[in-house]
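These are my notebook entries on a structure that I have opened for the first time. I set down what I looked up, entry by entry.

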Amino acid sequence: MKIVVCIKQVPDTKGGVKFNPDGTLDRGAMLAIMNPDDKAGLEAALRLKDEYGAEVTVITMGLPKAEEVLREAMAMGADKGILVTDRVLGGADTWATSTTIAGALRNLEYDLIITGRQAIDGDTAQVGPQISEHLDIPVISYAQNIKIDGDSVIVERQYEDRYHVVKAKMPCLITALSELNEPRYMTPGGIFDAYQKEITVWGRADLKDVDDANLGLKGSPTKIAKASDKVRKGAGEKVTLDPDESVSYIVDKLKVKHVI
């Protein structure tokens, strides 16, 4: 079985975020980590590898420094790493990103594609399902458990206060929740092996069946009107009341807000 895991290097929001003049994130100026949902998806793939002997390939789109998360993934146990990077791909929204990744995936053989549910730098949850549409394969989102049954995959799909059990023929795409599992740590031996392996680097010329009009910032229909790293809050309302009046005041406010 061949599994491809799509991972993303995202800003470590604990260190703050920075923006370019056009409103896009200045990724080169920020500390970065592997997206949590993607790491859970990677762990799911590695567990399937442990059980079924699958081959796991990780792929990411980003700046050259995104090689770091590929090395991390290989140190955890992934077999191969592919970096898709090119200046013309910069500034992509979800549509342009999914178009790019699908164009890269068309070069690969796969039974299962796993992505994170969403990235913490965008929170759209759109790229995984969009990739499946580009590749014309079924998608199961919000996976909280994954099992293989012959040529099919069985997934517990999280749904409000319960879950659905969904079965689909492979090839199939699954989007994983960070709650899916507890990702393993890199091992010293894994780190050493990861830096002995070669990362495959692809650019625009390596993408299959994609139109330049759908790539990068120019091919992104989503436009950012305004971006800010901090949301200013109003000063609020200050009142001085005795205890009885305070109770009535608070209850009235809660009713106005339909809290009670």
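Is Lys167 buried or exposed? I looked it up in the model, which is predicted, and found Lys167 exposed, with a relative accessible area of 51%.

**Entry 1: the partner of Lys167.** I noted that Lys167 forms a salt bridge with Asp149, with 3.1 Å from N to O. This pair links distant parts of the chain, since Asp149 belongs to strand β7 and Lys167 to strand β9 (residues 162-169), 18 residues apart. Asp149 counts as partly exposed, at 38% relative accessibility.

**Entry 2: the chain as a whole.** I then recorded the overall figures. The chain has six helices and eleven strands, and its C-alpha trace spans about 70 × 45 × 40 Å along the principal axes. Of its 260 residues, 39% count as buried. The accessible surface comes to about 14900 Å², and carbon and sulfur atoms account for 51% of that. Among contacts between residues at least 6 apart in sequence, I found that 70% join residues at least 24 apart.

**Entry 3: further salt bridges.** The structure holds 15 salt bridges. I looked up Asp50 and found a salt bridge with Arg184, the closest N and O atoms being 3.1 Å apart. Asp50 lies in helix α1 (residues 36-52) and Arg184 in the loop between β10 and α5 (188-194), so this pair ties together parts that are 134 residues apart in sequence. Asp50 is exposed, at 55% relative accessible area, whereas Arg184 is partly exposed, at 28%. Both residues belong to a network of salt bridges that also links Glu43 and Arg47.

I also examined Lys253 and Glu237, whose side chains meet in a salt bridge of 3.5 Å, N to O. Lys253 is in helix α6 and Glu237 in the loop between β11 (200-202) and α6, 16 residues apart. Lys253 is partly exposed, with a relative accessible area of 38%, while Glu237 counts as exposed at 54%.

**Entry 4: strand β10.** How many residues of strand β10 are buried? I found that five of the five residues in this strand (residues 172-176) are buried. Cys172, Ile174 and Ala176 point one way from β10, and Leu173 and Thr175 point the other way. In a regular strand the side chains alternate between the two faces of the sheet.

I next looked up the strands that pair with β10. Strand β6 (residues 112-116) pairs with β10 in the parallel sense over five bridges, and strand β7 (residues 139-149) runs parallel to β10, joined to it by three bridges. Leu173 is the bridge partner of Ile113 and also of Val139.

**Entry 5: the cysteines.** My count of disulfides came to zero. For Cys6, the nearest cysteine sulfur is that of Cys172, 13 Å away, and a disulfide would require the two sulfur atoms to be within 2.5 Å. Cys6 is buried at 8% relative accessibility, and Cys172 is buried at 0%.

**Entry 6: Gln130.** I found Gln130 in helix α4 (residues 127-135). Gln130 counts as buried because its relative accessible area is 19%, and buried means under 20%. Leaving aside neighbours within four places in sequence, Gln130 is in contact with Thr94, Trp95 and Ser98.

**Entry 7: a surface patch.** Lastly, I recorded a nonpolar surface patch of about 370 Å², made by Ile250, Leu254, Val259 and Ile260. Val259 is found in the segment after α6 (243-256) and counts as exposed at 56% relative accessibility.

Conventions
Residues are numbered from 1 along each chain as its sequence is written. This is a predicted model: local features need pLDDT of at least 70, side-chain atom pairs count only at pLDDT 80 or more; totals for chains, interfaces and linings use all residues. Side-chain values use heavy atoms; hydrogens and water are left out. Helices (H or I, at least four residues) and strands (E, at least two) are DSSP runs, numbered from the N terminus. Buried means under 20% relative accessible area, exposed over 50%, partly exposed in between (1.4 Å probe, protein chains only). Contact means heavy atoms within 4.5 Å. Two strands pair if DSSP finds at least two bridges between them. Patches are made of residues with over 30% relative accessible area and no salt bridge: like charges are joined within 9 Å, nonpolar side chains (Val, Leu, Ile, Met, Phe, Trp, Tyr) within 5 Å. Accessible areas come from the Shrake-Rupley method with a 1.4 Å probe; for residues, only the protein chains shown count as cover. A salt bridge is a side-chain nitrogen of Lys or Arg within 4 Å of a carboxyl oxygen of Asp or Glu.
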